[in-house]
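Have the model open beside you as you read.

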Amino acid sequence: MKDIAGPRDIGLLGIPLEAGGAVAGTLMGPAALRTTGLAARLTGLGHRVHDHGDVTPETVADHDLPAEIAARCRSAGTVAGFVRAAHERALSILEAGQMPVFMGGDHSISMGTASAVARHCAATGRDLVLLWLDAHADFNTPATSPSGNIHGMPVAMLCGDESLKPLLGKHRFPPLAPENVHLFGLRSIDQEERRAIALNGLDGIDMRLVDEFGVSVLLRRILADLDPARTHLHVSLDVDFLDPAVAPGAGTPVPGGATYREAHLVMEMLHDSGLVGSLDIVELNPFLDERGRSAVVLAELTASLFGRSVLDRPASQRGIARAAATFAETTS
């Protein structure tokens, strides 16, 4: 693994979408993250930040979509309008050479953001790997979803589900290979979704594994297999990856999530890897939050991903970390 060297050009993009879920409020997520001073936190670390404002959605009516989507998915036209516009805006940020940070909005925004990343990776000869930090697998389809909420379907779409392709309209992208999808922090999965994950061979890491082995061992196993010269790691961070006691501003909270320190350790390890090329921050619902606690935590985690640490790690500590990593590899 290698440290990220030097400042980055970071492109912030707000995607104020709430129609993918059943609980109103995530459209305020981008504004809440800006209010925490996210840009200032990143510039304070030496990075150059470009705020590209918020996405303006295309106009798509439900009847413009196939009957299966229109009948089985809530607010499908609205979601389609956002993800198509998000795809185009995301691609332009990537082509400008900036590292995008996408501020949601519910998790259906990833249909637009990560698909654009996949398209950009194909054009630049990079291998896209997806790290999905979430209590939920989001691997439902219109045929399997018990709720019809599209925010529970983006991973299925990104892996090439045919029934969801019309949401993205004319935009095409190479689907992710199942072995390049890592679902981390799982603790709430629908029955049909569970079968689909096993059938497709996705890497699912639930909180039982986190409790048993710890986040460092499990995340190191993922990162160690990635080629730094070719890999673009897209991280999709859902606020409900965290335990509700840490971040209460979630529309679909699930007890037993990551602690404050576990989440920061994940971000610090991702920074050290030098592999991260793009980031989603999703499902922040300020309407359900407590005095901005969740927004602040997410901003702090983002800063950790971009290099913030409590202390500069001296060479002796880096040697300990390398020794621990070697020991873990030899005993796994």
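## Terms and basis

Contact here means heavy atoms within 4.5 Å. Helices (H or I, at least four residues) and strands (E, at least two) are DSSP runs, numbered from the N terminus.

This is a predicted model, in which local features need pLDDT of at least 70 and side-chain atom pairs count only at pLDDT 80 or more, while totals for chains, interfaces and linings use all residues. Residues are numbered from 1 along each chain as its sequence is written, and side-chain values use heavy atoms, with hydrogens and water left out.

## Helices H4 and H5

Let's begin with the contact itself. From H4, the residues Val 83, Ala 86, His 87, Ala 90, Leu 91, Leu 94 and Glu 95 meet Met 111, Gly 112, Thr 113, Ser 115, Ala 116, Val 117, Arg 119 and His 120 of H5. Sorted by class, this contact has eight nonpolar, five polar and two charged residues (Ala, Val, Leu, Ile, Met, Phe, Trp, Tyr, Cys and Pro count as nonpolar, Asp, Glu, Lys and Arg as charged, and the others, Gly among them, as polar).

H4 spans residues 76-95 and H5 residues 110-124; their axes come within 7 Å and cross at roughly 40°. Axes are lines fitted to C-alpha atoms, for helices over the stretch in contact, and angles run from 0 to 180 degrees between N-to-C directions. H4 and H5 are therefore oblique to each other; angles under 35 degrees count as roughly parallel, over 145 as roughly antiparallel, 65 to 115 as roughly perpendicular and the rest as oblique.

## Helices H10 and H11

How are H10 and H11 oriented to each other? With an angle of about 30° and axes 7 Å apart, H10 (residues 260-273) packs on H11 (residues 293-305), and the two are therefore roughly parallel.

On the H10 side, the contact includes Tyr 260, His 264 and Met 267, and on the H11 side Val 297, Glu 300 and Leu 301 are among the residues involved. The classes here are seven nonpolar, three polar and two charged residues.

## The cysteines

The structure holds zero disulfides, a disulfide being a pair of cysteine sulfur atoms within 2.5 Å. The sulfur of Cys 73 has its closest cysteine sulfur in Cys 159, 17 Å away, which is too far for a bond. For Cys 159, the nearest cysteine sulfur is that of Cys 121, at 15 Å.

Cys 73 is buried, with a relative accessible area of 5%, whereas Cys 159 counts as partly exposed at 21% (buried means under 20% relative accessible area, exposed over 50%, partly exposed in between, with a 1.4 Å probe and protein chains only). You will find Cys 159 in the loop between helix H6 (154-158) and strand S5 (181-186). Leaving aside neighbours within four places in sequence, Cys 159 touches Phe 139, Pro 175, Leu 176 and Val 181.
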